[in-house]
Amino acid sequence: MEANTLISGVRHRLIRSGEPSLKEFNSITTIEGLREHLQVAIELEHSTIPPYLYALYSIRDRTNDASSRVIKGVVMEEMLHMILACNILNAIGGKPDISSPKFIPEYPTYLPHSNEAFKVNLEKFSRPAIETFLKIEKPGGRDAPPQSDRYASIGQFYEAIVDGLKRLSAKGNIFTGDRSLQIRPEQFYGGGGGLIEVYDLATAEEAISEIVGQGEGIDDTIEDSNHKLFGEEVEYAHYFRFNEIYKEQYYKPTDTPKSGPTGEKFPVDWTQVHNIKENIKMKDFKKGTEEWDMMYQFNKRYCDMLQMLHLTTNGKREKLKDAVLMMYELKYLAQGLMNVPMGNGLYAAPSFEYVE
């Protein structure tokens, strides 16, 4: 992945026209519980990155350029979301954990603490893969109630966190974290207005609006609000960018979530894909073989990247650039694996497993 293409696009914010209709839900009432839910948020944002990268890597070089640009942009924004969640957690005196063995899920997996309506696989670029991405990013709707556990949409989960932030802030100042731990906009690789320093309730809400708006859109539209705030070019939220791929059709500015895309044809060639094994594991190869070692080297580099992000969000902010550069290197390790035959026409691929 080239840096100048991976860091692209504008940011999105969630702007609701009034509060959602609050129904009974398992509210967050303690600072410890709030910290735990923010750690889950970090894990949730991360859990989308391996399947997105897996599909991206499977696309053959110099094909499906439009789809590749969409997935690259979303991957980088998911990393941004991870850092925003870390900023909120640090702001309330928590400590992000991005390097533990349990941080990387074992695929196939459910989204952390979701209602387990669907599983997320490591699978090649295909209609089923994009269909899963649509399920991940699907908007919950303006009136969807907050859900701190067993949520149907990611937006519902973050609404519960916002409720917890407000509930606890009403009792006293909870933003007691060390501000030197905050990752600031100028430190995020590529800059941009999406990274927010969190130090009070307003900036915490802004950070969550950024996360949810990038995935789901704003006010039941397909677009973000930054073009309104900063005069930037309109860009669509993750769900609608993936839907253009799935429907093989571009949205027009006048389109709505209900209308679907009605613009020109979105070019997709589903055949220009490496036939890699779904949900591959290191145990699929005999330990000590060259193939096993290639799998290990990819996973080791991925874990190194997560360790760099862990250090970045725990006081060593200068490590962020190292983490992003490591992400670029992963593609070349993945390409080597996709040349390893496994029989029956299948080839190897990254497994995104934890290794020491």
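Colleague: In what order do the elements of the protein chain run from the N terminus on?

Modeller: The order is α-α-α-α-α-α-α-α-α-α-α-β-β, and the secondary structure comes to eleven helices and two strands. Please bear in mind that this is a predicted model.

Colleague: What makes Cys 86 a buried residue?

Modeller: Buried means under 20% relative accessible area. Cys 86 has a relative accessible area of 0%, so the term applies.

Colleague: And why does Cys 303 count as buried?

Modeller: The relative accessibility of Cys 303 is 10%. Because the cut-off is under 20%, Cys 303 counts as buried. As for disulfides, the structure holds zero.

Colleague: Why is helix α9 (residues 238-247) described as largely enclosed by the rest of the structure?

Modeller: Eight of the ten residues of α9 are buried, and therefore the description holds. The eight are His 238, Tyr 239, Phe 240, Arg 241, Phe 242, Asn 243, Glu 244 and Ile 245.

Colleague: Which helices do the buried residues of α9 pack against?

Modeller: They pack against α3 (49-58), α4, α5 (127-137) and α7 (201-216). Just after α9, Glu 248 takes a positive phi of about 55 degrees.

Colleague: How do you know that α3 is mostly covered?

Modeller: Ten of the ten residues of α3 are buried; among them are Ile 49, Pro 50, Tyr 54 and Ser 58. The cover of these buried residues includes α2 (31-47), α4, α5, α9, α10 (290-312) and α11 (320-337).

Colleague: Which residues touch the most other members of the largest nonpolar core?

Modeller: In that core of 104 residues, they are Ile 161, Leu 165, Phe 242 and Met 305. Helix α4 (residues 65-91) gives the most to the core, with 16 residues. Phe 242 is also one of the buried residues of α9.

Colleague: What does Leu 165 touch, not counting residues up to four places away in sequence?

Modeller: With that exclusion, Leu 165 touches Leu 34, Ile 88, Ile 92, Ile 174, Phe 175, Leu 201, Ala 204 and Ile 208.

Colleague: How many of the contacts with a separation of 6 or more are between residues 24 or more positions apart?

Modeller: Such pairs account for 74% of those contacts in the protein chain. Of its 356 residues, 55% are buried. The protein chain exposes about 15,300 Å², and carbon and sulfur atoms supply 47% of that area.

Methods. Residues are numbered from 1 along each chain as its sequence is written. This is a predicted model: local features need pLDDT of at least 70, side-chain atom pairs count only at pLDDT 80 or more; totals for chains, interfaces and linings use all residues. Side-chain values use heavy atoms; hydrogens and water are left out. A nonpolar core is a set of buried Ala, Val, Leu, Ile, Met, Phe, Trp, Tyr and Cys residues joined through side-chain atoms within 4.5 Å. Buried means under 20% relative accessible area, exposed over 50%, partly exposed in between (1.4 Å probe, protein chains only). Helices (H or I, at least four residues) and strands (E, at least two) are DSSP runs, numbered from the N terminus. Contact means heavy atoms within 4.5 Å. Accessible areas come from the Shrake-Rupley method with a 1.4 Å probe; for residues, only the protein chains shown count as cover. A disulfide is a pair of cysteine sulfur atoms within 2.5 Å.
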